[in-house]
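Okay, everyone, thanks for coming. Let me put the structure up, and then we'll walk through the packing.

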Amino acid sequence: MIETQHLGRVFDGTVAVEDVSFSIKDGEAFAFLGPNGAGKTTTVRMLCCLIGATTGTGFIDGLDIREKSNHIKIRSMIGLLPENPGMYESLSAHRNLDFYARLYGVPESEREARISEMLKRLGIYERRNDAVGKFSKGMKQKIAIARALMHEPSYIFLDEPTAALDPEAALTVRNFLMELKKEGRTIFLNTHNLDEAQRVCDRIGVLKTRLLATGTPDELSSRFFGKSTVVGLKETNPDYLLALRQLPGVLDAKIGDKCILISVADPASQNPSIISTLVAKGAQIEYVQEVKHGLEDIYLKLMGDSK
Ligand SMILES: Nc1ncnc2c1ncn2[C@@H]1O[C@H](COP(=O)(O)OP(=O)(O)OP(=O)(O)O)[C@@H](O)[C@H]1O
Ligand SMILES: [Mg+2]
């Protein structure tokens, strides 16, 4: 488990992170969203023991990040793709990975196989003997991801892993992250890409110095927008609204374009009575669908509310 308790960090009088508490279960993928300067990188750096916390603390698999004696153990369990990864530019991709594999104590018998596997999974095996200095930004990013995983960590922190990647390379990395999740690894992903967060992650946290919300996209959608069902109809009729508003659990109903939009407390239990009421009124139903708001709506609402 990754956990923070009232975690905070002040830089020279500037509050970068304040009173942040959350927990991420083992095997879960968590996306951390928030505007530039929200404190995402600072939070990750504290959890990876690169900088200290000013207030509160965090735990990696129960180990307190405040305790210096835990740092070596924590570092052996985590892999970090930092915001600006530096590589040995004059060394080849292979040598860079080999260097880190040795540093992290990967046994010699496993080293070669692991390096080759990573390079292949990320689609850069053919370039393994080229100096990293000659690589494009995206290729360097992939090497940095491979490097973060050399010691097969259980907890993987990635700070904007696909920011510099072309759409195809970004897809390779996203698919790779989903494979890592299937392997049971815990993923902490800082990203500005809401589609990526939705695809890769189970749960979302939205930060703006303070934590504004956490939850699954569905939970956040119903928390901030309520639950609603849309019923597509051949023809609408104001009588339908009157009948629907009588139903228990129906909070509101309004007519849209060839449909009725109904706010409900619980779509799964209320939809059958909505349908039977409409049918009894002679409505010709074309479709019934639960309305879900995407992460963009949720994010923009949270940002708007926090101003
Ligand atoms: N080493 C530092 N010294 C002083 N201030 C810092 C330092 N690192 C970060 N900050 C400040 O802390 C705040 C949070 O920065 P951070 O890099 O954590 O944001 P972020 O959410 O990762 O932003 P981005 O989306 O742009 O990467 C900013 O105001 C930043 O200027
Ligand atoms: Mg950042």
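So, which residues is I156 in contact with, leaving aside its neighbours within four places in sequence? This is a predicted model, by the way. The list for I156 goes G79, A148, L149, L180, R185, T186, I187 and F188.

Now zoom out to the core around that. The largest nonpolar core has 64 residues, and I156 is one of those that touch the most other members, along with F30, A146, F157, F188 and L189. Helix α5, residues 137–148, gives the most to this core: six residues. There's also a second, separate core of eleven residues, with Y240, L244, V250 and L278 among them.

Okay, helix pairs. Let's stay with α5 for a moment. Its axis and that of helix α3, residues 93–103, come within 9 Å and cross at roughly 25°. An angle under 35 degrees counts as roughly parallel, so that's what we call α3 and α5. The crossing of α3 past α5 is right-handed. On the α3 side you've got A93, N96, L97 and Y100, and α5 brings I143, A146 and R147. By class, that's five nonpolar, one polar and one charged.

The other pair is helix α8, residues 217–225, with helix α11, residues 295–305. They pack at about 50°, axes 10 Å apart, and are therefore oblique to each other. Here α8 passes α11 in a left-handed crossing. From α8 the contact uses P217, L220, S221, F224 and F225, and from α11 it's L295, D297, I298 and K301. That makes up six nonpolar, one polar and two charged residues.

That's my bit, thanks.

Technical notes: Residues are numbered from 1 along each chain as its sequence is written. Chains are lettered from A and ligands numbered from 1 in the order in which they are written. This is a predicted model: local features need pLDDT of at least 70, side-chain atom pairs count only at pLDDT 80 or more; totals for chains, interfaces and linings use all residues. A nonpolar core is a set of buried Ala, Val, Leu, Ile, Met, Phe, Trp, Tyr and Cys residues joined through C-beta atoms within 7 Å. A residue is buried if 20 or more other C-beta atoms lie within 10 Å of its own, exposed if 12 or fewer, and partly exposed in between; C-beta atoms are placed from the backbone. Helices (H or I, at least four residues) and strands (E, at least two) are DSSP runs, numbered from the N terminus. Two residues are in contact if their C-beta atoms, placed from the backbone, lie within 7 Å. Axes are lines fitted to C-alpha atoms, for helices over the stretch in contact, and angles run from 0 to 180 degrees between N-to-C directions. Angles under 35 degrees count as roughly parallel, over 145 as roughly antiparallel, 65 to 115 as roughly perpendicular and the rest as oblique. A crossing is left-handed if the near helix is turned anticlockwise from the far one by less than a right angle, and right-handed if clockwise. Ala, Val, Leu, Ile, Met, Phe, Trp, Tyr, Cys and Pro count as nonpolar, Asp, Glu, Lys and Arg as charged, and the others, Gly among them, as polar.
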